[in-house]
Structure formats: structure tokens, C-alpha cells
Amino acid sequence: MISARAAADGGACPDCGTRSERVHGRYRRGLRDTPLGGTPVVIQLRVRRFVCTESDCARATFTEQIPGLTTPHARYTPPLRAALTSIAVALAGRAGARLAATLGMSVARDTLLGLLRRTAVPDVNEVTVLGVDDFALRRGHVYGTVLLDMHTRRPIDVLPGREAEPLAQWLREHPGVQIICRDRAGAYAEGGRDGAPNAQQVADRWHIWHNLGEAVDKTVTAHHACVRAAMTAEAASADTEAAITEPAANPEPAPAPQQTETDETDGMRDVCGRERSLVTRTRERYTAVQQLLSDGASLSAISRDLQLDRSTVRRFARAGSVDELLVKAVNRASLLDGYAEHLTARFTAGVTDAGVLHAELAAMGFAGSVQTVRRYLHPLRDNPSVPHRRPRPPARPAVPKPRHISRWIMTDPARLRPDDQDQLAAVLACCSELAATAGHVRDFADLMRKRRGDRLADWMHAVEADDLPALHSLITGLRRDLDAVTAGLTLPWSSGPVEGNVNRIKTIKRQMYGRASLDLLRQRILLAA
């Protein structure tokens with residue numbers, strides 16, 4: 001504790017400015033200061049109250065203030081207040097209070113939040129290039145909009161919601177915006193047109209590429225059946241030629257060749273030839289959903305009747321056919337992917353104990369449980385036509401999954417591994433539509449990389465010349481936002497800095513445990529930048 005008193009001769013009235021030396025009284029004032037060596041410091045200051053001698057002044061008395069040490073009604077010195085405010089900006093309430101206590105500045109979390117709310121945010125200067133994006137306060141329910149000065153890459157304001165009108169109102173209040181960087185959201189496009197009709201809107205290149213990737217996913221899913229059929233037929237033809245040309249290794253007659261599954265059933269049956277339960281369930285749900293839709297039921301009603309999640313019902317309702325759903329169902333990743341061939345070989349060799357086989361797979365890196373192995377072996381045990389010691393059938397080359405094909409198409413060929421390049425070439429040789437899709441993707445990547453937005457119209461006409469419905473739907477969406485898309489593929493501006501700030505907002509939001517209101521979150525977003 002430090003005791004001190006003011007030594008100045010008189011003081012100035014804060015209202016009229018008249019200096020006075022007439023003392024009305026004295027009292028002690030306690031002020032907390034920054035800690036010294038981790039030890040809290042309290043200053044006991046003896047201050048005077050002066051009488052204002054100006055007859056026209058409404059203030060009768062006033063307390064003297066010492067510059068740099070006191071402010072009216074404050075219990076903290078300016079250095080301590082600045083330190084606590086910095087902690088509040090960086091860590092907010094609970095975490096800030098814990099850090100302050102460790103540093104010898106014990107303070108309540110509500111006090112820190114009060115300091116944060118009372119801190120003035122920087123004024124918005126003239127903005128010529130504006131970045132706009134949304135962020136979730138409560139995902140799927142409540143959203144906000146962050147505005148960025150793209151020159152400084154710092155947030156300048158936070159708006160409630162993600163509708164068009166708040167953005168339009170902000171643009172009308174801040175004229176001078178020449179370029180608006182945004183994603184493909186229609187609300188921001190409308191808000192930009194209403195609030196700044198002369199500004200150039202720029203659609204973000206990443207979002208355009210992402211839209212193209214979604215169209216490629218749909219195209220690959222629609223044509224995966226023909227890829228599977230062609231690769232299966234090619235493998236069967238190769239096996240037949242090998243059986244004709246290869247001399248017999250022993251005098252015993254070879255077992256009768258197994259019937260090759262067609263493209264409609266490949267991957268949809270288990271090791272014993274029975275239809276997988278997942279396939280059966282998918283067919284039944286698709287039939288039920290389509291029947292209820294034809295009867296006029298809503299998605300919510302179907303969800304309640306079938307006891308399915310609404311997103312699942314929406315996926316079944318939007319599917320063009322059951323085959324579109326089955327392609328994703330039969331290619332669903334399994335824990336036994338990469339181990340099934342070894343497991344079948346060991347079972348046919350006579351090792352039928354699930355525990356022993358699970359131990360072998362665990363040594364090979366298998367992370368599943370023994371129950372997963374038992375479920376795989378169950379149809380083998382129930383099928384009397386599967387002898388335990390029959391010769392191991394030749395392995396059929398695996399058909400690439402749709403997501404792998406999409407990834408290969410969307411990846412720069414120079415960055416693909418040699419085996420991935422070979423598999424992609426085999427897939428494109430099986431389906432002319434996928435080969436055309438890959439060509440269009442390469443052309444689009446080239447114009448996007450070189451920022452040749454002037455070639456976008458030619459690319460769109462080339463896509464429309466092929467029978468690719470998913471890409472045609474993409475073209476329709478691009479035409480609705482053609483000016484912004486062309487600008488995004490031509491100008492150097494993008495929404496990258498905005499997305500970076502959205503990630504920072506997510507960190508701030510989690511740090512505040514989701515309990516903060518928008519005004520407090522806005523303070524931290526604008527002050528902690």
C-alpha cells in the first residue's frame with residue numbers, strides 16, 4: 001500500500017473551467033495500480049474537493065484529478081485499466097480473470113466484460129474494397145455477417161443475420177465501396193445491388209470451384225454403374241483368356257468358373273451371393289418415400305411416419321432413381337476394407353476361429369472389433385456350398401469408389417500419384433461422359449489459374465454441347481450470377497482473407513463458451529483483430 005497526496009495549487013472546474021483554490025474538504029481515495037513484482041499495489045490518495053467560484057456554473061464543488069493517475073469515479077489507475085482491458089479483449093471473462101489473478105491483478109469476470117463493452121471500437125474509414133461473409137452463432141439457426149476492409153484485411157463491422165437488407169443499409173451509410181467480394185450467396189448479391197448498385201461484385205474463386213466439384217460428384221455417381229460394368233467385364237475377359245492360354249498346373253479338373261456379377265449386382269451382394277441388407281433397406285426406403293411424395297405428403301410428415309431424419313428423407317426424395325442411392329450405399333467405407341481378401345483366404349484355408357483371425361488382422365493394423373470379424377464370417381459359416389479348404393479364387397481388381405474418381409478428376413494431373421493416374425485413365429476409358437467431364441474440369445482450372453474470365457462463355461457453351469445434366473445445372477447457376485463469376489475469374493480479389501477471419505471468429509466464439517451475446521462478440525471481433 002502506498003500513501004500519497006496531491007500537491008497542486010487548486011484545480012479547474014470540469015464544467016466551466018474556472019480555477020479555484022478554495023478547499024471545501026478532503027477525503028481518502030483508494031486506487032488499484034499495476035502489480036509490482038507480482039504483488040498487488042493499492043494507492044491511498046488524499047484528494048481535495050474545491051468550491052467552484054463561478055456564480056453561473058451549475059456545479060458547486062468538484063474533486064481534483066491528477067493526470068495519468070486518476071479519472072472520475074474510477075477505482076483503477078489508467079495503466080491498470082489498460083492492462084485489464086487488453087486481457088478482456090484477448091480472453092474475455094473467465095479465462096481473462098484467471099490470467100489476471102495469476103499476474104497479481106485479481107478481478108471479477110463481469111468486471112472484465114464491462115471493460116470490454118465500454119471500449120470504443122475503431123471508426124470505419126472509407127472502404128473501397130469490401131469483403132462479406134457469414135458465420136454461425138448457432139449453426140443452422142442463428143447467423144451473423146462480418147465485413148472486412150480488403151486492403152487492411154481487418155474486420156470493420158459485424159451485422160446481425162445474413163439477409164440482404166442489413167448489408168444494403170450498411171452500404172448506403174458508407175458510400176464509396178467500389179468492389180464487393182462475396183461467396184455465391186444470393187442474399188449478399190441482392191444486398192450489394194440494393195446498397196451499392198455501382199459497385200463491382202466479385203464471386204470467390206474457391207466457391208466457384210467447390211460448385212464445380214459438387215457437379216462432378218453428381219456426374220460420377222450417375223455414371224459409376226457403367227464404369228463398374230466395363231471394368232468387371234474386362235476383368236472377366238482377362239480371366240477367361242488366362243484360363244485358356246495357361247497350362248494346367250495339376251491333372252485335377254479345374255472347378256467350374258463362378259458366374260460374374262453384372263453391373264447391377266456388383267458390390268450389392270455378400271460373399272454368399274445374397275443381397276446385402278443395406279441394399280434391401282435402401283430399396284424399401286426409396287419406394288416408401290416416393291410413394292408418400294406421390295400422395296402429397298410433406299418431407300416433415302414423411303420423416304415422422306417413417307421415423308427417419310428429415311435430411312435422409314430429403315436425400316431419398318431428391319434422388320433421380322434408386323440406383324443413384326445404391327451407388328453410394330454399396331461403396332460405403334468399411335473397417336474391413338483392405339482386410340477382406342486376407343480374411344476370406346484364411347477362412348477357406350481352414351482357420352475359422354473369429355478370435356484367431358481378429359488377432360491376425362490386429363497385427364496387420366485392423367482397428368475394428370472381433371464382432372466385426374464375426375459378422376463378416378457369419379454368411380460363410382451358413383453357406384454349405386463354401387468349403388473351408390477350397391482353392392483361393394483369383395482376386396478381381398477393385399472398382400474405384402465414386403469419391404476417389406471425383407478427387408482424381410478435380411486434382412491437377414501433375415500432382416496425382418502414378419497409380420492414381422493409371423486408375424483414372426482406366427476409368428475415363430470406360431465412360432465417355434466422365435472423360436468429357438474431366439476435360440471440362442481441366443479447361444476450367446486453366447482459365448481460373450490464368451484468370452481468363454473472358455473465356456468463361458466459351459467454356460459454358462462447350463459444356464452444354466455434352467450430355468452432362470449436373471454440369472448443365474451448374475451452368476444455369478453461373479448464368480444467374482454471371483457478372484460476379486466473370487469478375488471472380490478475372491480480378492485478383494478473393495474471399496480468402498474473409499474466410500480467415502471467419503475461422504478466427506470460430507476460435508473467439510468457442511473461447512466464450514457460446515454464452516456471449518452478439519454485441520459482446522462484436523466487440524471482441526473488432527478489437528482483437
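A residue is called buried when its relative accessible area is under 20%, exposed when over 50%, and partly exposed in between (1.4 Å probe, protein chains only). The model is predicted: local features need pLDDT of at least 70 and side-chain atom pairs pLDDT 80 or more, whereas totals for chains, interfaces and linings use all residues. Residues are numbered from 1 along each chain as its sequence is written, and side-chain values use heavy atoms, without hydrogens or water.

View 1. Helices are DSSP runs (H or I, at least four residues), numbered from the N terminus. His223 has a relative accessible area of 18% and is therefore buried. Apart from neighbours within four places in sequence, His223 is in contact (heavy atoms within 4.5 Å) with Cys431, Glu433 and Leu434.

**View 2. The stacked rings of Trp209 and Phe444.** Rings of Phe, Tyr and Trp (its six-membered ring) pair if their centres lie within 6.5 Å; planes under 30 degrees apart count as stacked, over 60 as edge-to-face and the rest as tilted. The whole structure holds 4 aromatic pairs. Trp209 and Phe444 are stacked because their ring centres are 6.3 Å apart and their planes stand at 25 degrees. Trp209 belongs to helix 6 (residues 205-245) and Phe444 to helix 16 (residues 432-449), 235 residues apart. Phe444, at 1% relative accessibility, is buried.

**View 3. The edge-to-face pair of Tyr339 and Phe366.** The ring centres of Tyr339 and Phe366 are 5.4 Å apart and the planes lie at 70 degrees, so the pair is edge-to-face. Both residues, Tyr339 and Phe366, are buried.

Methods:
Helix = DSSP H or I, 4+ residues; strand = E, 2+ residues; numbered from the N terminus.
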